[in-house]
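Please read them beside the model.

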Amino acid sequence: RTTATAATGVRMAARAVPKRHRAAALAYFGGLATATAIALDEWLDLRKWRTVRHVLTTPVSVDMKLHTRVRAAEGEAGQGCVDWPAGRVLLQWAVDGGVPLRHGSVLEVGAGVGVTSIGLALAASCSSDAGGGGGSDGDPTRVLATDVCDSALANLHRNAAENEAPALLRVERWDAAGGTEAVRRLSRLVDPRTLTHVIGADIVSVPIGSGGGGGNAGGDGLE
């Protein structure tokens, strides 16, 4: 009863306010809600990311359509978080026979969002043939996806989980430019003698404005 009385009082008060004032109030609170939504959006980084889906044609050895779904940067979240076209091209080449889906051990340098490594691991797990070469004997190819950027690695782990990537895929930090330390680090991640393929796409960039000579090492773009 008390609630009903209060609601009636609110309605009467609203009717007592002139229409132009009601319109102004609605505009004010609407604008406030919009500003709040934008602030939350920026805080949560919602607009800086997008989900990208890819469907690849696969050889007869893979009894499935190969679908990948990755979270990629919409804005300036780092080059390693961008869905570069070269990664999709590399994956298509790999599943078309460039990389055997069995008996293989693959290292991807600069895996980024993980399109290539995730797709290759999914294809290997579903393969019934060694890249079309006959027979289904042998273990499926294993993939080691590496990167050096913190944001890229975090996103790569997330994408691997989102795609339910099989245990054939591992994600690790590794800097190929680390000299002798890089060699020692790699030997702790995988036996280099077992590697059959080392792959990578868009792993070398030149900052815009550097003129190719490294004068603007802090640049964010590419030439």
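1. Which residues does L91 touch, not counting residues up to four places away in sequence? They are L56, L66, T68, V115, T116, G119 and L120. Touching is contact, meaning heavy atoms within 4.5 Å.

2. On provenance: this is a predicted model, where local features need pLDDT of at least 70, side-chain atom pairs count only at pLDDT 80 or more, and totals for chains, interfaces and linings use all residues. Residues are numbered from 1 along each chain as its sequence is written, and side-chain values use heavy atoms, with hydrogens and water left out.

3. The largest nonpolar core has 29 residues. Such a core is a set of buried Ala, Val, Leu, Ile, Met, Phe, Trp, Tyr and Cys residues joined through side-chain atoms within 4.5 Å. L66, L91, L120 and L169 touch the most other members. Helix α4 contributes the most, six residues. A second, separate core of eight residues includes W174, L186, L189 and V190.

4. Helix α6 (residues 180-189; helices are DSSP runs of H or I, at least four residues) has A182, L186 and L189 as its buried residues. Buried means under 20% relative accessible area, exposed over 50%, partly exposed in between (1.4 Å probe, protein chains only). Seen down the axis, the buried residues of α6 fall within an arc of 55 degrees, so they line one face. The arc uses directions from the helix axis to the C-beta atoms. Exposed T180, V183 and R188 sit on the face turned away.

5. A search of the whole structure finds zero disulfides (cysteine sulfur pairs within 2.5 Å). The sulfur of C81 is 5.6 Å from the closest cysteine sulfur, in C149, too far for a bond. C81 is buried, at 0% relative accessible area.

Technical notes
Helix = DSSP H or I, 4+ residues; strand = E, 2+ residues; numbered from the N terminus.
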